[in-house]
Amino acid sequence: MKRHALTTRLWHWISAVLVVILFMSGLTISNAHPWLYWGEAGFMPQEAWLAVPRFPDWMTIPGYYSLAVARDWHNLAVWPFALMLLFIWIAMLANRHFKRDLATTAEEWQPRNIRRDIAAHLRLDFDHGAGKYNFFQKLAYGLVFGVFLPMMIFTGIAINPGLGPTFGWLIDLLGGRQSARSLHFIFAFALFGFFIVHVVMVMLAGPARQVSDMITGGKGKDGEADAP
C-alpha cells in the first residue's frame, strides 16, 4: 500500500508545472498595469489601493515584456489547471483521501491541542502520531484545495473579458471586475506563500524521502491509513 495515491502524485507534479507557468506569466500581465482597485472600474493610479512593484524579466514568462505572449501562456495553462483541480477533488472524494487525511475533527480545534501543535512545530517536531498529517497541515491543505485554488479559477473567470457576458453574476458576486482582479492577485500570492512554507517544511522534514515518496508513492507507516 502506498502513502500517496497515484492520483495525488499525478496531480501534484502536473499542477506544480501549471502553477509555475500561470504565476510567472501572471507577473508579466501584472507589469502591464501594476495598480489594483476595488469595485467595477479603475484606471487612474491615484485610485488604486495597491501599486504593485514591477517584476524583473527573470521572474516572468516570457523572459521579456510581451503582454500578448504572456496571455497566450496563461490561457494555455489555465484550462488544464482547472481540469486538474476538478480531477483531484473527484479522486479525493472517491478514495476517501479528503475524509481520511485532510478533514479536521472537533477535537483538533480545541485550544489546548492547537497550542500543543504550535509548540511541537516550534521544536521542529513533526511526528504527528498515526495520522498522515497534523492539524496545521490539514488546515493549510484545506485552505489550498477549498479556497485558494478555487478562488484563483473563479476570479480568473471574472476578469476574463471573453467570459464576462456569461458570468456577469460571478463578477457581481465578487464585487466588480476590479475587485475580482485584486482578489486574483491576493490569492496568487497566498499560494506563493504556501509554496514557500511547503518547501521549507519539506527541507526540515527530510527532502530526499519526501520527494521520493511523492514520486514513487512511498509506504504508509504502521497505524497510518494508506492511500489506495
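Let's start at one atom pair. The backbone oxygen of glycine 175 sits 3.1 Å from a polar atom in the side chain of serine 179. This is a predicted model, so keep that in mind throughout.

Where does serine 179 sit? It is part of helix 7. Is serine 179 buried or exposed? Its relative accessibility is 6%, and the cut-off for buried is under 20%, so serine 179 counts as buried. What does serine 179 touch? Leaving out residues up to four places away in sequence, serine 179 touches Tyr37, Trp38, Gly39 and Leu174. Hold on to Leu174.

Now the overall picture. The protein has 228 residues, and 36% of them count as buried. Its secondary structure comes to eight helices and two strands. What is the order? From the N terminus, the elements run α-β-β-α-α-α-α-α-α-α. Take the C-alpha atoms along the principal axes, and they fill a box of roughly 60 × 35 × 35 Å.

Threonine 8 lies in helix 1. Threonine 8 and methionine 92 are 84 residues apart in sequence, yet their C-alpha atoms are 8.2 Å apart in space. Threonine 8 is in contact with Ile88 and His97, once neighbours within four places in sequence are set aside. Threonine 8 has 14% relative accessibility, so it counts as buried.

On to the core. In soluble globular proteins, nonpolar side chains tend to be buried together. Here the largest nonpolar core holds 32 residues. Which members touch the most others? Phe145, Leu149 and Leu174 do. Helix 5 gives the most, with 10 residues.

Zoom in on leucine 149. Beyond residues up to four places away in sequence, leucine 149 touches Trp11, Phe81, Leu85, Val144 and Leu191. There is also another core, apart from the largest one. It has six residues, among them Phe23, Leu36, Val52 and Phe185.

The protein exposes about 13000 Å². Carbon and sulfur atoms supply 71% of that area. Pick out methionine 203. Its place is in helix 7. Methionine 203 is exposed, because its relative accessible area is 53% and the cut-off is over 50%. So helix 7 holds both buried serine 179 and exposed methionine 203.

Last topic, charges. Side chains of opposite charge can pair when their charged atoms come close. How many salt bridges does the structure hold? Five. I will show three of them.

Lysine 138 pairs with glutamate 108, with the closest N and O atoms 3.0 Å apart. This pair links distant parts of the chain. Lysine 138 is in helix 5, and glutamate 108 is in the loop between helix 3 (97-102) and helix 4 (111-122). The two are 30 residues apart. Are these two buried or exposed? Lysine 138 counts as buried, at 11% relative accessibility. Glutamate 108 is buried too, with a relative accessible area of 17%.

Arginine 116 and aspartate 117 meet in a salt bridge at 3.8 Å, N to O. Arginine 116 is exposed, with a relative accessible area of 51%, whereas aspartate 117 is buried, at 12%.

Arginine 54 forms a salt bridge with aspartate 57, and the closest N and O atoms are 3.5 Å apart. Arginine 54 is exposed, at 52% relative accessible area. Aspartate 57 counts as partly exposed, at 33% relative accessibility.

To close, go back to where we began. Find serine 179 in helix 7, and look for the backbone oxygen of glycine 175.

Terms used. Residues are numbered from 1 along each chain as its sequence is written. This is a predicted model: local features need pLDDT of at least 70, side-chain atom pairs count only at pLDDT 80 or more; totals for chains, interfaces and linings use all residues. Side-chain values use heavy atoms; hydrogens and water are left out. A nonpolar core is a set of buried Ala, Val, Leu, Ile, Met, Phe, Trp, Tyr and Cys residues joined through side-chain atoms within 4.5 Å. Buried means under 20% relative accessible area, exposed over 50%, partly exposed in between (1.4 Å probe, protein chains only). Helices (H or I, at least four residues) and strands (E, at least two) are DSSP runs, numbered from the N terminus. Contact means heavy atoms within 4.5 Å. A polar contact is a pair of N or O atoms within 3.5 Å; within protein, one must be able to donate a hydrogen and the other to accept it, and residues adjacent in sequence count only if both atoms are side-chain atoms. A salt bridge is a side-chain nitrogen of Lys or Arg within 4 Å of a carboxyl oxygen of Asp or Glu. Accessible areas come from the Shrake-Rupley method with a 1.4 Å probe; for residues, only the protein chains shown count as cover.
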